[in-house]
Amino acid sequence: FTEREKMNKKRLIILISSSEAGGAQVYILNLARHLKELYSIVVVCPNGYLSERLEEIDIELLKSEINISKIEFIYSYLLNQQKQYGNIIVNSHLLGTTLWTALAMLPMKSYRLVATLHQPIIYDRISYIKRLTFPLITKFLSSRVDEFISVSKEIANSIFEYTERSSKYIPNSVPDIENKKKCEEAFADGNIKIGIIGRLVH
């Protein structure tokens, strides 16, 4: 791409409040890798696993915490991006990130906020306070988010339960065809080669 072509691409700003090695972070990594030819992408996230992986594939980064103390900073940054690029698409990941992003965008006159949720609104082993506040937060966000994206049907059902809004169901995927081929070969003899896929967390 020439510099002019780069400037003509739509600006996609992805935000997440955690850079730990988890499903949401791998999702963003795959998303950025496959959309970077279509969009001018920047990812806003803290320093950690995700930021390091994004640097390896040459994705623009703004390393920053995303929390209540950063609302004014996020607002100023997004406003600056809007002035520079015109219409911007903001894609927040996780409920907390979406809350702080939506609050930061309240003074902005026009924007497009797409929220990707990676967990149901209420899930196992969350605290009593979160069980009370998460549904309220989701209802608040419902009027400020243009589109919800869910990565599972359970999450899609959960969003509908608390907002009466449908969401775009885009499942997690494994985009590496070579790895898929290796998996098929590994299972060809019918023996189990894999015990657990995923993070080991409490």
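In the predicted model, helices α5 and α6 pack against each other at an angle of about 45°. Their axes lie 10 Å apart. Helix α5 covers residues 95–105, and helix α6 covers residues 128–142. Because angles from 65 to 115 degrees count as roughly perpendicular and those under 35 degrees as roughly parallel, the α5/α6 pair is classed as oblique. The crossing of the two helices is left-handed.

Together with Tyr 128 and Leu 132, Ile 129 forms a nonpolar surface patch. The accessible area of the three residues together is about 360 Å². The relative accessibility of Ile 129 is 55%. Ile 129 is therefore classed as exposed, the cut-off being over 50%.

Charged contacts were examined next. Side chains of opposite charge can pair when their charged atoms come close. A search of the whole structure returned 4 salt bridges. One of them links Arg 53 and Glu 56, with an N to O distance of 3.1 Å. Both residues sit in helix α3, which spans residues 49–56. Arg 53 and Glu 56 are 3 residues apart, so about one helical turn separates them. Glu 56 is exposed, at 58% relative accessibility. Arg 53 is partly exposed, with a relative accessible area of 22%.

Arg 53 has a further partner. Glu 52 forms a salt bridge with Arg 53. Here the closest N and O atoms are 3.7 Å apart, and the cut-off for a salt bridge is 4 Å. Glu 52 has a relative accessible area of 38% and is therefore partly exposed.

Another salt bridge joins the side chains of Glu 55 and Lys 63. The N to O distance in this pair is 2.9 Å. Glu 55 is partly exposed, at 44% relative accessibility. Lys 63 is likewise partly exposed, at 42%. Through shared partners, salt bridges connect Glu 52, Arg 53 and Glu 56 into one network.

Key. Residues are numbered from 1 along each chain as its sequence is written. This is a predicted model: local features need pLDDT of at least 70, side-chain atom pairs count only at pLDDT 80 or more; totals for chains, interfaces and linings use all residues. Side-chain values use heavy atoms; hydrogens and water are left out. Patches are made of residues with over 30% relative accessible area and no salt bridge: like charges are joined within 9 Å, nonpolar side chains (Val, Leu, Ile, Met, Phe, Trp, Tyr) within 5 Å. Accessible areas come from the Shrake-Rupley method with a 1.4 Å probe; for residues, only the protein chains shown count as cover. Helices (H or I, at least four residues) and strands (E, at least two) are DSSP runs, numbered from the N terminus. Buried means under 20% relative accessible area, exposed over 50%, partly exposed in between (1.4 Å probe, protein chains only). Axes are lines fitted to C-alpha atoms, for helices over the stretch in contact, and angles run from 0 to 180 degrees between N-to-C directions. Angles under 35 degrees count as roughly parallel, over 145 as roughly antiparallel, 65 to 115 as roughly perpendicular and the rest as oblique. A crossing is left-handed if the near helix is turned anticlockwise from the far one by less than a right angle, and right-handed if clockwise.
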